[in-house]
Amino acid sequence: MAMDRAARKQRKREERARKRAARKPSVLVQEFWNLPNMLTLGRILIIPLFVWLTYDADPLNSLLAGLVFAVAAITDVVDGYLARKWNLITVVGKFMDPLADKLIAMAALVMMVRLGRIAAWVVIVLLARELIVSGLRTIAASEGMVIAAGQEGKWKTSLQLVGIISLCVHYVHPLEMGSFSVPVDYNLVGQVLVYLSGAFSVWSAVVYFRAFLAMLAKRGGEPAPAKSV
């Protein structure tokens, strides 16, 4: 009897193993494993390294932190290009890509405030803008509305990325220009660029909000569809 029970248990285990082997992976798992999504995941995974480099804040670690952030910004461009070229635009990628961008930018700005390299109010404005626009996009998507990003939003992103890299470098380094070099205060450059990105952030949020209201007004003015008799 004991041997029969052991045999039945063994057969059940083998049957479960066969079912697991025959089971197809979910759609989300299939979408996850492609190069663009792996690059996006890599941007998220390097955030702890970036934070660790900005803790000591000596010239070498500051330079390395700027390099890490620059690599993250480059991979953001590369993964988007590859996803469009190879037709690998997935639901997972649509979720992870903006999430990775916001996480590493938020980590960088918070660390810059901690180091006293940028004023806290600027970071509050930038983060508030992201929350407001993300909320509006969610509402617009739920209503079937698509609001294209304007040029001011692209300027905001470009200025913010270059500004954060400069803030990470922070120290004065010579810039070689042919036969002579010019000392550059990277923290000052970064502050100016981030302040400019803050202005573009407010501008783009206003433009986006106005476009959202215009779409709502347009939809509200449409006649109700006729009912079939």
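**Nonpolar cores and annotated segments of the predicted model**

Cys168 touches Phe50, Ser62, Ala65, Gly66, Met112 and Arg117 (contact: heavy atoms within 4.5 Å), leaving aside residues up to four places away in sequence. The model is predicted, with local features requiring pLDDT of at least 70 and side-chain atom pairs pLDDT 80 or more, whereas totals for chains, interfaces and linings use all residues. Residues are numbered from 1 along each chain as its sequence is written, and side-chain values use heavy atoms, without hydrogens and water.

The largest nonpolar core holds 21 residues. Such a core is a set of buried Ala, Val, Leu, Ile, Met, Phe, Trp, Tyr and Cys residues joined through side-chain atoms within 4.5 Å, where buried means under 20% relative accessible area, exposed over 50% and partly exposed in between (1.4 Å probe, protein chains only). Phe50, Phe69, Met112, Ile118, Ile164, Cys168 and Val194 touch the most other members. Two or more residues come from each of α4 (47–56), α5 (59–85), α6 (91–114), α7 (120–142) and α8 (151–169); helices are DSSP runs of H or I with at least four residues, numbered from the N terminus. The greatest contribution, 6 residues, is that of α6. A second, separate core of 8 residues includes Val133, Ala140, Met145 and Phe212.

Leu60 belongs to helix α5 and is exposed, at 57% relative accessible area.

The unreviewed UniProt entry annotates residues 32–55, 61–82, 103–128 and 188–209 as "transmembrane region"; such annotations may be inferred rather than shown by experiment. Residues 103–128 are 81% helix and 0% strand, with end C-alpha atoms 14 Å apart. Residues 188–209 are 100% helix and 0% strand, and their end C-alpha atoms lie 32 Å apart. Strands are DSSP runs of E with at least two residues.
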